[in-house]
Number of protein chains: 2
Amino acid sequence: MDKKICDLSTPCFLVDLEKTKRNCEHMIRTCKELNLHLRPHTKTHKTIEAAILQTNGTKRCIAVSTLAEAEFYANNGFDDILLAYPVTEDKIKRCLALVKQLDKFQVMVSGKDGLQCLEDHISDLPKGKVWFVVIEVDLGYGRTGFPWDSDDLIKTAKAVSLATKMKLEQLYAHCGNSYAVKSIKERQDLQYENIARLRKLQAKLNIDCSIGVGSTPTCSLPLDDNKLLSEFHPGNYVFYDYMQHLIGSCTESSIACRVMTRVIAHKQEKNTILIDCGFMALGHDGKKERLPLLDFCLIQGESNLKLIEMAQEIGKIAAKEGELDCRLYPVGTILYIIPYHSCCTSALHAEYQVHVGDAVVETWKPVRGW
Amino acid sequence: MDKKICDLSTPCFLVDLEKTKRNCEHMIRTCKELNLHLRPHTKTHKTIEAAILQTNGTKRCIAVSTLAEAEFYANNGFDDILLAYPVTEDKIKRCLALVKQLDKFQVMVSGKDGLQCLEDHISDLPKGKVWFVVIEVDLGYGRTGFPWDSDDLIKTAKAVSLATKMKLEQLYAHCGNSYAVKSIKERQDLQYENIARLRKLQAKLNIDCSIGVGSTPTCSLPLDDNKLLSEFHPGNYVFYDYMQHLIGSCTESSIACRVMTRVIAHKQEKNTILIDCGFMALGHDGKKERLPLLDFCLIQGESNLKLIEMAQEIGKIAAKEGELDCRLYPVGTILYIIPYHSCCTSALHAEYQVHVGDAVVETWKPVRGW
């Protein structure tokens, strides 16, 4: 193909293929060095192509965030899929279909209801199949999962391991609290604590099962102690983003996705330029309290520019300091926006323009919906 | 069809057909009473079905926010389409194709560059066709458009009206500042000022063209003085949302869209329940400074519940006051979320489940992308 980035309509979602490959290879290497199993999460990109890179071509051993993802990957030759989402009655029929279709489909039990749901459908399991169960452990993040030190967790793990048609695969912790840390030290302390809690739990349980932890911040800067665990489940690292950069998971140059936009108008009297990237193309995610007001993206190579407002299809850019000379950014000028949260921004695009340098080499179509 | 709402997978985007019809009929009636032309904007829903309701079945006279929308409607029998977006060189080829395809395709000139762009492509116009030009006027909102009292506006309007292959159709003002008002009085004052400015401009110009104003807040509660204008371009009113309700454009019962979600887990020790609606299904838009912290939706009929956090696929609900008794919301309980900003939330869904009462009667598929 001869298509260049500059020929693309804007706004569009760009994926740098070489950077994506490097991010995937780096995580594979990290896990190898730590002697950890890698079960990459597909939620950030939701494409076949990136999942192939994440699994080093094996198409085996992934985690997904929705049933739609699970079905998409199952229908495209992937297997050993963990639906990393609390299993509930309303989603059980589709789970049973996946159990039938795949060699291994893992479901996640995050509370007593989840176990009850699986027990209620033991007789619906296809012949020769079992429920591969991952139990979600809450290490303090407080979203879903059994509190790590709760009796319910022990009881549930034992019940699963004793059930004839269930197999306890893993204790899984998302470690979402790793996103809230404010320093490297704080992150390390949290990681040590998480690992220690999981090991303590493992000892108390005394059941043979693996232990997995997710979250890109945790997996991007692992500790030696991570060797004591079994599996890593990171997802965002495929693309990374401004948020991961801010919390130290990656360098700016590792960020593999951008929104490409063009200047569409000026307001010299207001010291602003307008671009064809509004919240439909970038998303509002990023207005976190801990961030400076409206600091929800980087404008690549333009350290004095900031995006100060987004309407549906129009973004407003101003200078961080001093006056903005609009003549430096004529209408048609291309700008590249590094999103605050790539999981949020990618979801707004029905296709990704994949490039090597300036050449557009592929178009990836993610799965959407639930 | 026999499908009921409660049979739907969650999360999903629900559209109440009767409410949508009423909202559309009400706006048609409002315009009739004011003797105003209605050019409804399709940006909130982007579907054929809702645009038919907006145009009272004529499929004529709409405003759109993207080229993709313009092409979608043009390919589905609509005509007299205004691309309410600054025309720029990079989008001109597709504009020319629409000029050829439609009886009337209007483009918007928001600055001197826009006029230059049209002039540069006069010779590319299909035989017998002209540029139907709408000039965007900035009444103080400060986003795009010529400042209402600027010489450039006068010059541009005169240049268009004198050009042989251009026709000046309208002076258009978005009135986006109507979203920032804090009281009915403030809104009315703003509307009076906007109308007065447009009339002053019209008198100064002394050229035959219509005057149109957009924005759902302005058009939902019009003033008698609006009779002095020619066209209304509202969009959000089709569905309305929590934001419009907060600024007084509609009652809560007029809001025609909701996200349906189910309880998937509990955290009694944290006084929270978890739902299968995260930012992928609701969006983060709404974290506006003027709103109470995190007040970005309503949970229908549950006045003591608030959504306090959203991860990608999980939302966390707490009580506004007192403790939350999780037993009142067993896993599987259906909740309905009224989004803060329906334009943002609808964009996250590849289809809308359209219902009358409890019966799902249609599925609408919006156009996406640019």
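## A first look at a two-chain model

Asn206(A) is exposed, with a relative accessible area of 68%; here exposed means over 50%, buried means under 20% and partly exposed is in between (1.4 Å probe, protein chains only). You'll find Asn206(A) in the loop between α7 (184-205) and β9 (210-214) of chain A. Helices (H or I, at least four residues) and strands (E, at least two) are DSSP runs, numbered from the N terminus.

Before going on, a bit of housekeeping. This is a predicted model, where local features need pLDDT of at least 70, side-chain atom pairs count only at pLDDT 80 or more, and totals for chains, interfaces and linings use all residues. Residues are numbered from 1 along each chain as its sequence is written, chains are lettered from A and ligands numbered from 1 in the order in which they are written, and side-chain values use heavy atoms, with hydrogens and water left out.

Back to Asn206(A): its phi is near 55°, a positive value in a residue other than glycine. Tyr240(A) also has a positive phi of about 55° without being a glycine. Tyr240(A) sits in the loop between β10 (231-233) and α9 (242-246) of chain A, but this residue is buried, with a relative accessible area of 6%.

Pro11(A) lies in the segment before β1 (12-16) of chain A, and Pro11(B) has its place in the segment before β1 (12-16) of chain B.

| Cis peptide bond | Omega |
|---|---|
| Thr10(A) to Pro11(A) | about -5° |
| Thr10(B) to Pro11(B) | near 0° |

What about chain A as a whole? Its secondary structure comes to eleven helices and 18 strands. The radius of gyration of chain A is 22 Å, close to the 21 Å that the globule rule gives for 370 residues, so the chain is as compact as a globular protein of that length. That radius is taken over C-alpha atoms, and the rule is 2.2 Å times the number of residues to the power 0.38. Along its principal axes, the C-alpha trace of chain A spans about 70 × 45 × 35 Å. Of the 370 residues in chain A, 61% count as buried. Contact means heavy atoms within 4.5 Å; among contacts in chain A between residues at least 6 apart in sequence, 68% join residues at least 24 apart.

How do the two chains relate?

Asp90(B), in the loop between β4 (79-86) and α4 (92-101), counts as partly exposed at 32% relative accessibility. Leaving aside neighbours within four places in sequence, Asp90(B) is in contact with Thr10(A), Arg262(A) and Asp276(A). Val107(B), by contrast, lies in strand β5 (residues 105-109) and counts as buried at 1% relative accessibility. Not counting residues up to four places away in sequence, Val107(B) touches several residues, including Leu82(B), Cys95(B) and Trp131(B).
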